[in-house]
Amino acid sequence: MRREYSWNDMRRSRASSLSVVTAVFVSALLLSLLCSLAYNLWIDQIRQIQWEEGDWEGRITGKITDETLEIVRNYVNVRTADINEELSGEESQTLDITFYQPASVLEDMPEIARLIGLGEEAVTYHYRLLAMYIIRDPADTAPRLLFPFFLLVTGIACVSLIIVIHNAFAVTMNSRIRQLGIFSSVGATPRQIRACLMQEAAMLCALPAAAGYVAGLLLSMGALTVIDFYAGNLRADSTRPELVWQYHPAVFAAAAAAIVITIVISAWLPARKLGRMEPLEAIKYNGDLLLKKRKHPGLLSKLFGIEGELAANALRAQRRALRTSSLALTLSFLAFSLMQCLFTLSGISTQMTYFERYEDIWDVMVTVEHAPLEQFDGTQALRNLDGAASCVIYQKASARRLVTEEEISRECAQMEGLSEAPEEYVQETGEGWLVHAPVVILDDESFLEYCRQIGAPAVLDGAVILNQIRDVYKKNFREPDYMPYLNGEAETTILRPDGTEGTSCEIPVTAYTSEVPALREDYGTIDYYELVHFLPSSLWESVQEAVGGAQEELYVQILADDRTSAKALEALEEEARRAVGDSYETESENRIQEKEMDDRMREGMMVIMGSFCVLFALIGVGNVFSNALGFVRQRRREMARYLSVGMTPAGIKKMFCLEAAVIGGRPLAVTAPLTAAAVWLMLRASYLEPQVFLRNAPVVPILLFILGIFASVALAYYLGGRQLLRCELAQMLEDDTMR
Amino acid sequence: MEVVKCENVRKVYGRGENEVVALAGIDLSVEKGEFVAVMGASGSGKSTLLHILGSVDRPTSGTVTVDGCDVASMNPTQAAIFRRRKVGLVYQFYNLIPTLTVRKNIWMPLILDKRQPNEELLEKVTEMLGIHDRLDFLPDQLSGGQQQRAAIARALIYRPAILLADEPTGNLDKKNSREIIDLLKISNRDLRQTVILITHDEKIALEADRIVTLEDGRIISDIRRG
C-alpha cells in the first residue's frame, strides 16, 4: 500500500520529483566522473613516477651477490628484486625491490637488509611512489599532497552533492508534510514514515543514479582523451606512457558506494526530520517561505519596486536552501577568474622575459649531451648548414673568483659593495670576497665575433668579463638598474674551481663590458653578485684542468635565414641534428615549435583547471535547478497570494528574473573585488604595468563563464517559473494546503 | 446601480466521465452597497461563483459583468489588474504575504497599481479594524483574528467595487468571528462597500441584507431581508 501511495504521489508531484531525479543524475554523474578521473590520474601519476624514477619501492645499496639476491627474491612479500645496472659498480650494487603488499615496505626493507647482512643505512625508499599508496615514513618530511588532494576533491564533491540532493529531497518531502501528519495521526510510526520516504527515494533514484553513473564513466573517457591530447604536448619525450582510460572493479565499487551513500544520507536527513515531527505540527505545516524577523527594504526594493522587495525576501527565506549554490558558484567563479588572470599574467611575463627577449637571438637550439666543446668535431658542419644565418656553439662551466675591495667599482662600493651580500652567494675571506664566476665558453669564431661586437681586441688569449652588477635595492626585476661591478683595472682574472680549494688559474682579460653575446642565456637573475666570464674554447682547453666545473652539455644555437616558417625551422633542426652526428645524444627545439608548445601547454592547463571550475559550478547550478524545479509545489501558495491581490504574470516573471539575476550575480559581485585585489597584488609582485595586463585581460573567457552561470540559472528559473505560471489560480487557491 | 451581473453562468470541470458541473446556469444581479450572503452545502458551487466573480477563474459559458467589466473575456494580465482595482478578496486562511509587513500587505494592491497609498485612509481603515498598532509587524507575529482584519484592510484600502469574502470566519473563534462579521457590516454601512460573503453558517448569513442559496450549481432561493 505504501508503494502504491508513493507512486501516486510521485506522479502527482512530477515537477518536484523531476528536481530529485535531476539532482541525483547530476550528482551520480559528477561522482562517477570524479572517481574515474581520480583513479586514472592516480594510475597515470604512478606510471609517470615509475617512468621517471624507476619502478621500485625500496632500494638496498651494498655488496649484493647471487646468493644474497636469491635470499631477497625468496622473501615472502617481494614481488621483484633486480640489480640496477646503471647505479651499480663492482664494489657496491644497487638492488631495486617491489612488493606484493607495499603497505608493509617500511617493516620489510630493514628485515631484508638484515637477512643479507646489511644495516638499515643501506636501505632507501621511493618516497614519491610510496606516497601514492598513502605510505609515509616519518623520516620523509616532504609535503606529498597529490593523493590527499584527490581525496579532498572527492570528499568536498560528496559533501556538496549531499547538500544539493538533500535539498531536492527536502523540497519534495516537505511538500508532503501535511499528508505525513495525517498518516501519523492515524497511527503510522516515525519508522514507518521514514521507511515510506526512503522507499520513495529509492524508487525515484535508482534509474537516474545508474544513468548518471554510466554517463560519468563515458564523460571521464572523453575527459581523459582531452587531457591526454594536451598532456601529449607536454611530453618532451615521446616514450612517456600515454594516458589510457582504464578501470578497476574497486573503483567502480567505490564510485557506486559514494553515490549510494550520498543519496542515502541526502534522503535520510529530511526523512528523519519528518519522521520526528509531531502529527499536529505536521498537519498545521504550510510550507511558507518565512523570514525570522522583519527586514528593511533593500536595494532591490528601491530599484525594482515591490517585485524587487518580494524577490529579495524570497531569496532571504531560501538562504539555507541556496547556500550550496551560492558557495559553489562563488568559489568556482573566483577560481576561474583567478586562474584566467594568473595564466594571462604568467603568459605576458613569459612572452616578455623569454619569447620577445630572445626572439631575434635563436631559431634552433640543439643540446648535445656529454660533448666537451674542445673535443666536439661538428662545429664546421654546423656553421656550414644550409638555411643557417649564424651559428654559435657554447658550453657553460661554473667557477669562483676572488674579488678584492680595491677592485670593486666606486658605484658598487657606494652601494655597500659585497659586504651585505647573502652568504649563499658571496663568501667573505681575509683577502676579499669569493663570488660565483659562471664561465661561458664560446667557439673561437663566435668569440672573435663577440669581441668585434663590443669593440674589444679580437684575440683568443684572454677572457671578456661582463662587468655589471644589479642595483640590489631596486626590487623591480623587469627594469633593473646596472652599475659597473669592477673598476676594470686588473689585466688578469683568477678563476678557481667551484667547490674545491687549492687550484686556481690566472687568465688575461681582453675587455670589461656591459654587453653580452647574443645567447639564449640569463645572467645574474638569481645570484646578483655573479661575475660572468666569456672565454674562447681554445683558451678554455688550456685552463679547464685547473678550473674544472664544465657542464656536460654543449649548446648549438642557430639563427635561420627563413625565420617565419615552422617547416623551415623543423627542417633546419633536423639538419642540425644530423650535422651533430649519431655518436652524440642530442635534444633539439625550435623557436616556433616551442612557442606553439608553450601556448598549447598553457591552453591545456587552462582547459583542465577550467574543467574543474566548471565541475564545481555545475554543483551550484545543480542546486539552483533542484530548487527551481521544486518551486511548483513549494511556491504555489506564494504565487497564488501575489496573483490574488492583483500581481500580473509579468510581475511574477519580473520577480523570478530578479531572483535569478541575484543568484547569478552575487558570485560576480563577491568575486570581482577579490579578483581585482588579487590581480593588483600579482601585478605588483610581477612589476607589470596595469595597462599591459588590461590589453591582454581574459575578458572573453570570464564573460563566457559569467554568461554560462547566468544562462544556467535563468534556464532553471524559466523551467520552474513556467511550470508554476501554467497552474490555474483557482486550482492553487483550492489546494488543501492553501491555509 | 447594478455592480454585479451574471447571466446563465456555467462552469464545468473535466470531460466525459469525469465531467463535474460546478455552476449550472447562474443568473444573479447585485446592486451597489448590498451585503449578500451566498449559502450552500459543500460542493454546491459557492466558491466557484466567488472565484469567477473575482476573476480568479473563468466561466465555461455565460456572461459575468463586475462594475462594467466583462470578467469572462479577460486575459491573465487584465484579470490581475481587475483584481487589484475592482475586487477585494478575503479568504478563510487570510493569504497575507508572510515576508512583508502588515502595512506593505495592505498597500500591496496599490503598490502593484503604482498608485500613491493614502495614509489617511489607511489610518481610518486600520483603526476601524483595530490593527493600527500592528502595521509594522510580520503576519506571523499576529493572531488569527488580527491577520483576518489585515486581510480585510487590504481588501478595503483601494475601495473595490465588490468585496468577496470566502468563509472569512471559518478559521476563527466565536468572538473573533463575531467581530469580523461586524467589521464587514460596518464597512458595508459606513463605506457603502458592496460585500458578497460566502458561508455555510446560517447564523452568519442572517447578518446579510440578502441571502442567496445554491444547490448543485443552481440558485434555489434568493431572499431579501429587512
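Guide: Start with strand β1 (residues 2-13) of chain B. It pairs with β2(B) in the antiparallel sense, over nine bridges. Within that pairing, Arg10(B) stands opposite Ala24(B) of β2(B). This is a predicted model. Chain B averages a pLDDT of 89, and 100% of its residues score at least 70. The model as a whole scores ipTM 0.83 and pTM 0.71.

Now widen the view to the sheet. β1(B) and β2(B) belong to an open sheet of four strands, in the order β2-β1-β4-β5 (chain B), with antiparallel pairing. The edges are β2 (20-31) and β5 (69-70) of chain B, and each of these pairs on one side only. Strands of a sheet pair through backbone hydrogen bonds, either parallel or antiparallel.

The parallel case is found at strand β3 (residues 35-40) of chain B. β3(B) pairs with strand β8 (residues 194-199) of chain B in the parallel sense, over five bridges. In β8(B), Ile196(B) is the bridge partner of Val36(B). β3(B) also runs parallel to strand β9 (residues 210-215) of chain B, and five bridges join the two. There, Met39(B) has Thr213(B) as its bridge partner.

Is β3(B) buried or exposed? Six of its six residues are buried, so the strand is largely enclosed by the rest of the structure. Look at the directions. Phe35(B), Ala37(B) and Met39(B) point one way from β3(B). Val36(B), Val38(B) and Gly40(B) point the other way. All of them are buried.

Next, the surroundings. The contact between the chains takes 26 residues from chain A and 25 residues from chain B. On the side of chain A that touches chain B, the elements giving two or more residues are α11 (299-317), α20 (636-644), α21 (649-686) and α24 (729-734) of chain A. α11(A) gives the most, with six residues. By class, this side of chain A has 16 nonpolar, six polar and four charged residues.

Chain A is assigned four domains: domain 1 (1-54 + 126-285), domain 2 (55-125), domain 3 (290-360 + 592-739) and domain 4 (370-584). Nine residues of domain 1 of chain A contact nine residues of domain 2 of chain A. On the domain 1 side, helix α5 (residues 127-132) of chain A gives the largest share, three residues. That side divides into five nonpolar, three polar and one charged.

Then the cores. The largest nonpolar core has 164 residues. Those with the most contacts inside it are Val24(A), Leu30(A), Leu31(A) and Leu53(B). Helix α2 (residues 14-53) of chain A gives the most to this core, with 17 residues. Domain 1 and domain 3 of chain A both give residues to this core, so it lies between them. Take Val24(A): leaving out residues up to four places away in sequence, it touches Ile165(A), Cys205(A), Pro208(A), Ala209(A), Gly212(A) and Ile263(A).

Glu545(A) has 10 other C-beta atoms within 10 Å, and is exposed. Glu545(A) and Trp51(A) are 494 residues apart in sequence and 36 Å apart in space, C-alpha to C-alpha.

Technical notes
Residues numbered from 1 in each chain as written. Chains lettered and ligands numbered in written order. Predicted model: local features only at pLDDT ≥ 70, side-chain atom pairs only at ≥ 80, totals over all residues. pLDDT = per-residue confidence, 0-100. Contact = placed C-beta atoms within 7 Å. Nonpolar A, V, L, I, M, F, W, Y, C, P; charged D, E, K, R; others polar. Domains from an automatic or database assignment. Pairing = 2+ DSSP bridges. Core = buried A, V, L, I, M, F, W, Y, C linked by C-beta atoms within 7 Å. Buried ≥ 20, exposed ≤ 12 C-beta atoms within 10 Å, placed from the backbone.
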